[in-house]
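Have the sequence and the 3D view open side by side.

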Amino acid sequence: MEGLTTKDKLIPNSAILQSENLTKYILETSVYPREAETLKELRNATASHSRGFMGVAPDAGQLMALLLKLLNAKKTIEVGVFTGYSLLLTALAISLDGKIIAIDPDKKAYEIGLPFIKKAGVEHKIDFKESPALPVLDKLLEDPSNRESFDFAFVDADKDNYWNYHERLLKLVKIGGIIIYDNTLWGGTVALPEEDVPTPKRRFRKATLDFNKAIADDSRVEISAVSIGHMV
């Protein structure tokens, strides 16, 4: 889940699932018992970060891992890494010879998760790019061998650029692959009248609404919108 930074404080998005008891039940029954120990340790380390709410939710991570295994994914892209929870779960889920190109301009946040990635023995699968994503994606596209060569992509980054990422990822991910866009319900604010949305959230809410409409109209992909985002 993401939030916005204001001059005074960070504002996390609200959870979509409003029943705390039901959320707790799902996590304690289905998610935590199957969560790798290194993932649990990284999740706990992220919780103490001032922007800890930006980490991928463990139930969303469990779904990602399932999809990666169903795809037998070997080559993936991650746009937006933060402390690396989704990156670590991807590295654990893909094949032994799998590779991940992970892109984020914030290397300090990535370094919080790096000890747990090393502990899990999967650092060799990760090619971390300290950079905004668009230049890296454009560079990948310059090499014809990269086109339609990736099995999977996960995007959890700046909402203003989601469509720009989409256009590039469609050229990089193979037919039959999966792209997940996180936080495309923007804490449920997409279903609210604009006047009911806090002012700091309105810009990305608008970007999210535009992206959702564009995805729905995109005949090149099959889509499914769930409470964690879009899969295409």
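Leucine 88 counts as buried because its relative accessibility is 0%; buried means under 20% relative accessible area, exposed over 50% and partly exposed in between, with a 1.4 Å probe and protein chains only. This is a predicted model, where local features need pLDDT of at least 70 and side-chain atom pairs count only at pLDDT 80 or more, while totals for chains, interfaces and linings use all residues. Residues are numbered from 1 along each chain as its sequence is written, and side-chain values use heavy atoms, with hydrogens and water left out.

You'll find leucine 88 in helix α4 (helices are DSSP runs of H or I, at least four residues, and strands are runs of E, at least two, numbered from the N terminus). Setting aside neighbours within four places in sequence, leucine 88 is in contact with Thr38, Leu39, Leu42, Phe116, Ile117, Ala120 and Val122; contact means heavy atoms within 4.5 Å. Leucine 88 and glycine 113 sit 25 residues apart in sequence, yet their C-alpha atoms are 8.2 Å apart in space.

## Two nonpolar cores

A nonpolar core here is a set of buried Ala, Val, Leu, Ile, Met, Phe, Trp, Tyr and Cys residues joined through side-chain atoms within 4.5 Å. The largest one has 30 residues, and Leu87, Tyr110, Ile117 and Ile126 have the most contacts inside it. At least two residues of this core come from each of α2 (37-47), α3 (58-71), α4 (85-93), β4 (99-103), α5 (107-119), β5 (126-129), β6 and β7. Helix α4 gives the largest share, six residues.

Not counting residues up to four places away in sequence, tyrosine 110 touches Val81, Phe82, Thr83, Leu87, Ile117, Ile126 and Phe128.

## Strands β6 and β7

Strand β6 (residues 150-155) pairs with β7 in the parallel sense over five bridges; for strands to pair, DSSP has to find at least two bridges between them. Phenylalanine 150 stands opposite valine 173 in β7. To get from β6 to β7, the chain goes through helix α7 (residues 162-172), and this β-α-β crossover is right-handed: with the strands pointing away from the viewer, the path from the first strand over the helix to the second runs clockwise.

How many residues of strand β7 (residues 173-182) are buried? Seven of its 10 are.

## Rings and charges

The structure holds six aromatic pairs. Rings of Phe, Tyr and Trp (its six-membered ring) pair if their centres lie within 6.5 Å; planes under 30 degrees apart are stacked, over 60 edge-to-face, and the rest tilted. Tyrosine 162 and phenylalanine 211 make an edge-to-face pair, 5.3 Å centre to centre with 80 degrees between the planes. That pair links helix α7 to helix α8 (residues 199-216), across 49 residues. Tryptophan 163 also pairs edge-to-face with phenylalanine 211, at 6.3 Å and 65 degrees. Tryptophan 163 counts as partly exposed because its relative accessibility is 28%, whereas phenylalanine 211, at 3%, counts as buried. Tyr162, Trp163, Tyr181 and Phe211 form one aromatic cluster.

Lysine 75 lies over the face of phenylalanine 150, 4.5 Å from the ring centre. Likewise, lysine 201 lies over the face of tryptophan 186, at 5.8 Å. A charge sits over a ring if NZ of Lys or CZ of Arg is within 6 Å of the ring centre and within 35 degrees of the ring normal.
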